[in-house]
Amino acid sequence: NGRTRSGIIQINYSGGHYFDPGSSRTVSFINYYVDGIHIEGTRSTVNNGLNTAGNMNWTITATNMRVTRPNGSWHGWNDQRNREMTAGLGDSLWSNDVYMINGTGSGANSHGDTCTSVLTNLVRDNSCHWLVSGTIENTPSSRPVRIIDFGNGTCDALATVTVNGNTTTIHLRP
């Protein structure tokens, strides 16, 4: 695709397939570069089986993720979230799968900025290109809190961003 890649993406599987309770996979980036941009860290996915609501769910953890540009600037993050499959389990269609995502994360960059994020009931309906509901609360270290609200479940390219009590509608990119 016109990109220069080097290094290793190592994927370790354990316990079976993605939908098998107890299975896991861990992706590690080892001396990995894309067009001179260094990508580091580990991302793991663990299938927790069925939760109390009877839905399959996974814990996804990003550890020491970092992207460093050739000029030395970087941003890094750690996060943990739960992905719960609320519709579509048990068939071979991906287009009717619906996931709810909750979690937290924190990040920093080479300019000294830090932030934390809380994902609350984000709904990803695979029949839609965008998130259809839920919120992300982003708290930068040196700026006001931002709350992104993806709406009430309607499949559209709209969300609102609220900062200091002022709400603006934004159009999401495809």
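1. R3 is partly exposed, with a relative accessible area of 48%. Here buried means under 20% relative accessible area, exposed over 50%, and partly exposed in between, with a 1.4 Å probe and protein chains only. R3 sits in the segment before β1. Leaving aside neighbours within four places in sequence, R3 contacts V34 and D35; a contact means heavy atoms within 4.5 Å. The C-alpha atoms of R3 and T168 are separated by 36 Å, and the two residues are 165 apart along the chain.

2. **What the model is.** This is a predicted model, in which local features need pLDDT of at least 70 and side-chain atom pairs count only at pLDDT 80 or more, while totals for chains, interfaces and linings use all residues. Residues are numbered from 1 along each chain as its sequence is written, and side-chain values use heavy atoms, with hydrogens and water left out.

3. **Salt bridges.** How many salt bridges does the structure hold? There are two. The term requires a side-chain nitrogen of Lys or Arg within 4 Å of a carboxyl oxygen of Asp or Glu. In one of them, D35 pairs with R3, and the closest N and O atoms are 3.7 Å apart. D35 lies in the loop between β2 and β3 (37–50) and R3 in the segment before β1, so the pair ties together parts that are 32 residues apart in sequence. D35 is partly exposed, at 38% relative accessible area. D79 forms a salt bridge with R81, with the closest N and O atoms 3.0 Å apart. As background, side chains of opposite charge can pair when their charged atoms come close.

4. **Overall fold.** The chain has eleven strands and zero helices. Both are DSSP runs numbered from the N terminus: helices are H or I with at least four residues, strands E with at least two. The C-alpha atoms fill a box of roughly 45 × 45 × 30 Å along the principal axes. Of the 174 residues, 30% are buried. Among contacts with a separation of 6 or more, 32% join residues 24 or more positions apart. The accessible surface is about 10300 Å², and carbon and sulfur atoms hold 52% of that. Accessible areas come from the Shrake-Rupley method with a 1.4 Å probe; for residues, only the protein chains shown count as cover.

5. **Core.** Which residues make up the largest nonpolar core? The seven are I101, L119, L122, I136, F150, A159 and L172. A nonpolar core is a set of buried Ala, Val, Leu, Ile, Met, Phe, Trp, Tyr and Cys residues joined through side-chain atoms within 4.5 Å. Look at I136 in particular. Beyond its neighbours within four places in sequence, I136 contacts V118, L119, L122, R146, I147, I148 and F150.

6. Strand β9 (residues 146–152) pairs with strand β10 (residues 158–163) in the antiparallel sense, over four bridges. Strands pair if DSSP finds at least two bridges between them. D149 stands opposite T160 in β10. The β9–β10 hairpin has five residues between its strands, and G153 in the turn has a positive phi of about 115°. β10 also pairs with β11 (residues 166–171), antiparallel, over six bridges. Here V161 stands opposite T168 in β11. This hairpin has two residues between the strands, and N164 takes a positive phi near 55°.

7. Most residues other than glycine have a negative phi. N64, in strand β4 (residues 56–68), has a positive phi near 50°. N64 counts as exposed because its relative accessibility is 54%. N121 has a positive phi of about 50° and is not a glycine either. N121 belongs to strand β7 (residues 114–125) and is partly exposed at 38%.

8. **Surface patch.** I9, I11 and Y13 make a nonpolar surface patch of about 310 Å². Patches are made of residues with over 30% relative accessible area and no salt bridge; like charges are joined within 9 Å, nonpolar side chains (Val, Leu, Ile, Met, Phe, Trp, Tyr) within 5 Å. I9 lies in strand β1 (residues 5–14). I9 counts as partly exposed because its relative accessibility is 41%.

9. **P21.** Is P21 buried or exposed? P21 counts as exposed, at 56% relative accessibility. P21 lies in the loop between β1 and β2 (24–34). Residues up to four places away in sequence aside, P21 touches N47 and G49.
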